[in-house]
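Trainee: Could you take me through one part of this model in close detail? I would like to see how its residues are arranged.

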Amino acid sequence: MAPGIPSQIRQGMGLIVGVTVGIVVGELALVIPADLAELRMASATFIAMMIAVAFGMPPVVPIQAGASAMLVLLMGPQVAGLARFLDVLIGASTGLIVALVFFRERLKF
């Protein structure tokens, strides 16, 4: 979590939303044949970012969505999908706990 942003809770939720959107779009893009890898990568990244923008959250959400879609396509769903989601859940939860313990008076929802 970025300490300068006043709402760490909203930032954590945004990270989780962005990564989830990216993983889902990346998994769906695996339906496109591997022969069209460049098209699959470009379209999955673009679609994931556009869906994430629709949530009206900070810029970190579409960035995470695009990066997660690319990771799923580059590393494969066996390695990137669930592992990336668990990484973000653990990281966001840890960040939120630290923010609640050390910056309680500054937290805004």
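Mentor: Happy to! Let us begin with isoleucine 51, which is partly exposed, its relative accessible area being 37%. Keep in mind as we go that this is a predicted model. Isoleucine 51 belongs to helix H2, which covers residues 37-53.

Now for the helix as a whole. From its first C-alpha to its last, H2 reaches 24 Å with its 17 residues, close to the 24 Å expected at 1.5 Å a residue. Looking down the axis of H2, you will find its buried residues within an arc of 120°, so they line one face of the helix. Those buried residues are Arg40, Met41, Ala44, Thr45, Ala48 and Ala52.

Together with Ile47, Met50, Ile51, Val53 and Phe55, Phe46 makes a nonpolar surface patch of about 570 Å².

Isoleucine 97 sits in helix H4, residues 77-102, and is exposed, with a relative accessible area of 53%. The C-alpha atom of isoleucine 97 is separated by 9.6 Å from that of isoleucine 9, although the two residues are 88 residues apart along the chain.

Technical notes:
Residues are numbered from 1 along each chain as its sequence is written. This is a predicted model: local features need pLDDT of at least 70, side-chain atom pairs count only at pLDDT 80 or more; totals for chains, interfaces and linings use all residues. Side-chain values use heavy atoms; hydrogens and water are left out. Patches are made of residues with over 30% relative accessible area and no salt bridge: like charges are joined within 9 Å, nonpolar side chains (Val, Leu, Ile, Met, Phe, Trp, Tyr) within 5 Å. Accessible areas come from the Shrake-Rupley method with a 1.4 Å probe; for residues, only the protein chains shown count as cover. A salt bridge is a side-chain nitrogen of Lys or Arg within 4 Å of a carboxyl oxygen of Asp or Glu. Helices (H or I, at least four residues) and strands (E, at least two) are DSSP runs, numbered from the N terminus. Buried means under 20% relative accessible area, exposed over 50%, partly exposed in between (1.4 Å probe, protein chains only). The expected span of a helix is 1.5 Å times one less than its number of residues. The arc is that of the directions from the helix axis to the C-beta atoms.
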